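Please look over the structure below before reading the notes. They start with one chain as a whole and then turn to details of another.

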Amino acid sequence: MSSMMQPQIILLKEGTDTSQGKAQLLSNINAVTAVGDVVRTTLGPRGMDKLIHDDKGSVTISNDGATIMKLLDIVHPAAKILVDIAKSQDSEVGDGTTTVVLLAAEFLKEAKPFVEDGVHSQNLIRSYRTASTLAIEKVKELAVSIEGKSVEEKKGLLAKCAATTLSSKLIGGEKEFFATMVVDAVIAIGDDDRLNLIGIKKVPGGNMRDSFLVDGVAFKKTFSYAGFEQQPKKFLNPKILLLNIELELKSEKENAEIRLSDPSQYQSIVDAEWNIIYDKLDKCVESGAKVVLSRLAIGDLATQYFADRDIFCAGRVAEADLNRVAAAAGGTVQTSVNNIIPEVLGTCEIFEEKQVGGERFNIFSGCPSGRTATIVLRGGADQFIEEAERSLHDAIMIVRRAVKNSTVVPGGGAIDMEISKYLRQHSRTIAGKSQLFINSYAKALEVIPRQLCDNAGFDATDVLNKLRQKHAMQSGEGASYGVDINTGGIADSFASFVWEPAVVKINAINAATEAACLILSVDETVKNPKSESAQGDAAAGAMGRGRGGGRGRGMRRR
Amino acid sequence: MALAFDEFGRPFIILREQDQKTRLRGIDAQKANIAAGKAVARILRSSLGPKGMDKMLQGPDGDVTITNDGATILEQMDVDNQIAKLMVELSRSQDYEIGDGTTGVVVMAGALLEQAERQLDRGIHPIRVAEGYEMASRVAVEHLERISQKFEFDVNNFEPLVQTCMTTLSSKIVNRCKRSLAEIAVKAVLAVADLERRDVNLDLIKIEGKVGGNLEDTELIYGILVDKDMSHPQMPKQIEDAHIAILTCPFEPPKPKTKHKVDIDTVEKFETLRKQEQQYFDEMVQKCKDVGATLVICQWGFDDEANHLLMHRNLPAVRWVGGVELELIAIATGGRIVPRFQELTPEKLGKAGMVREKSFGTTKERMLYIEHCANSKAVTIFIRGGNKMMIEETKRSIHDALCVARNLIRNKSIVYGGGAAEIACSLAVDAAADKYPGVEQYAIRAFAEALDSVPMALAENSGLQPIETLSAVKSQQLKENIPFYGIDCNDVGTNDMREQNVFETLIGKQQQILLATQVVKMILKIDDVISNSEY
């Protein structure tokens, strides 16, 4: 009797939304596919851009998968995983962000009918994992090394890789121009891992052909005081002094106070103060430096003092720029002007102040260590330059990757077709369900060439069949055939120099498979009721993480 | 907006606040963007050319601007649409780089968009249209290079420069005295130009304006004009052969920057302090006198005691001169800016042949002219005009003219104006189109047609029959194979732009074509617009 009176056990906070089982899995897949559809059209040289307003009203026009995913502001827990893999692809290899999202969405789409038919998702996951290992091995096997070539030859090859990346971007029309620029910049910084040694400066105005590469450092003219115009603006082989102190007439200690009882001592205090600053300035001059840069302010007094002695100075230089000058010119940033030894001074071949569009730039070129490069980007509109910067970033990352692991694979969907073929062949050797799953994985890989055709307005089925025929050839000579974006037919991607570093593909396949498996393994979502306070962000983050996390949050609030 | 629905037709919530977002995609997005771009171009179209009209714009706080400068109009319009903003930036970047042709570039972009729309209706892929445009722009730029002519000029023979500046000014409200203004602009640029390095620092040309007088009274001063007067009304109004001390320290007892306190506990001490202060003033004035200065220009003020003393010692002075002006004075007079009285030396003084104070009309306003300077590398253009709007517009016009002159010094090549260059390019692009296989061919032809819209707008604005005039000129160019024929906007009676002396700079024209193509490509490439519905 008493059992009838027993109240219902309340496990979760009131208003919590739970859904589970197959329906949940399918709905997650649907959501992911929907997100994949958004970025779908940006793939490839004929891919389109997206214009996105964010909630603050600022606008971005972009073709970069990671940027779009970030700006879409996705809250759906499963779909959020796609954002994460796009980001990880971006930070890991820099390019292929659209590819990775597209692949993940396609893997899930292929898995959907199986799930509907009642296949256990763990079976799918296991097969997908095997397939991805096989695929990656195949990529490694197919990749062509560019190691051991002469520098000139290597440069040409790297430029091809950069051009492939850039071809899908807004600046695709000038891809050769920018590709060489990017390669030069990356070669200039050598093996150093610090990407911030490549500076990208944006100056609105001009057209993109006016962009140029400085084999050194360039930065915008800083705020200057009266007297600045009287300083010389060009030096050959100047000594450069880098400082992190203020060269201004000011009180030495903030909280000091001077009490005078004798008015005649007044002048001595004034003189003492002036002597401090003059002393500093004298030391700068004595060091023999012709260019003085400081991260902090250089006051009007110092400006005029330097002008009198034919020295160029710039105060309030951004820290990143100052560090790059230090790296390029071989100097060290000083925090005191005492004991300046010649070793801490940097030098470069030419220092010049130049007019670039509406701005004036300080340009240090021909630096001895040559470990920095600056790209000055020009373009007709702010949005244009922003997008160009993102594109160049992708290209720089790609070239760096290619320098490190110097293997490339043919692009234009060729490598994807080849892996697909290989997996299909492999699947036939397997007895059991796995055969079907690996086959569908193989089919999903074909999405890349298919989407390339769709975006360009070609008949995808037609082109794909042609490609399949080429890749099925026993001799293997058709292995590098991909979509020819210009004619709507097929072409040997390797011969037409559509190349991408192998690591991009490997990472993309890996990340996409991981994401697909992760989503397939989720069978329940618990959604906490919305809290009144604006903690939507935190709640959204915890949503996909299962029951335990959800309940924990609810309790803590009480 | 919803991206996906579940089996019951309920939308998934994928994006934050997705029900408040709207999404426009595919051909609709492109059409909407093109419409926005065209709308902006339509506004500017009537401002093109010598018979173009002005726009009156009222700012948020009631200030009125009247102008026909494309960049200024768009800047003041405060557009909200993103695509329209791209057009504004397009115009601005032409302004930064070239300074002239800001209207033309927008009209050009508008025409390209209009043509692109037609190609999209035919089912041509937008990227292919954009690529076709890019090929065509390359052809056009090369053709411009071919038909351009080199101008020979030097410091004494600057007539060609004046002619080109006059072309720019003829479309402005000031075209009444375009000849004199053009001469002023050219002389100013030549005065500051570094002909060897082919560089002109426009910062060295100061443009001042004052309401009153006629536009004809506008003058070029080889020196500096400062909107200040002598610190004391009884100081001399004119100084010949002035030696100028340029100071950045105030005429007052020095103050230590460290917090300080002077303890005065006896009358004697107070007396000493007062004496010392007086002595400071005395010393300061004496130092200026000692080095031979006959005029003191000070960045800061000085109190009445110092003022009186200066007056007494017969040392004229000017106070509260801004940093930028101070710098210009230093450059012009070859002096050095002195931060401290102790550092004054005769070498650091600037020299000017004549410094005079001039008052205007019946008003009490006075200005200080510093002329015949040791180094005339800094000049001032002083604009007079009936009202403030007029002066502002004149300033903008002069700026355009200065930019044109600068561009010519950088690159001597010119092309012929009046739409002649566009017509020539249109013919060249049209002829080149047939050589390209593939869909791009159509886009290239469309580009040629878009080029025609600039002369068309010129004719329309001048009250001519646009189609008739254009086709007549076009056939004339083709028949005689001479790229000088343009639209006769001023009804002079000839189409030959050489005779009419209508010139434009080559780099300006090339920039227009390249920039317009670039922005149009950007607009065409967008196929998805996701926005919060309030935008």
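A residue counts as buried when its relative accessible area is under 20%, as exposed when over 50%, and as partly exposed in between, using a 1.4 Å probe and protein chains only. By that rule, 56% of the 558 residues of chain A are buried. This is a predicted model, in which local features need pLDDT of at least 70 and side-chain atom pairs count only at pLDDT 80 or more, while totals for chains, interfaces and linings use all residues. Residues are numbered from 1 along each chain as its sequence is written, chains are lettered from A in the order in which they are written, and side-chain values use heavy atoms, without hydrogens and water.

**Chain A overall**
- Chain A contains 19 helices and 22 strands; helices (H or I, at least four residues) and strands (E, at least two) are DSSP runs numbered from the N terminus.
- The C-alpha trace of chain A spans about 100 × 80 × 35 Å along its principal axes.
- Contact means heavy atoms within 4.5 Å. Among contacts in chain A with a separation of 6 or more, 75% join residues 24 or more positions apart.

**A helix pair in chain B**
- The axes of α5 (residues 126–147) and α16 (residues 506–524) of chain B, lines fitted to C-alpha atoms over the stretch in contact, come within 9 Å and cross at roughly 175°.
- Angles run from 0 to 180 degrees between N-to-C directions, and those over 145 count as roughly antiparallel, so α5(B) is roughly antiparallel to α16(B).
- Residues in contact include B:Tyr133 in α5(B) and B:Ile513 in α16(B).

**B:Asn461**
- B:Asn461 lies in helix α13 (residues 440–461) of chain B.
- Its C-alpha atom is 6.2 Å from that of B:Ser46, although 415 residues separate the two along the chain.
- Leaving out residues up to four places away in sequence, B:Asn461 touches B:Arg45, B:Ser46, B:Ser47, B:Leu48, B:Lys51 and B:Gly52.

Key: Angles under 35 degrees count as roughly parallel, over 145 as roughly antiparallel, 65 to 115 as roughly perpendicular and the rest as oblique.
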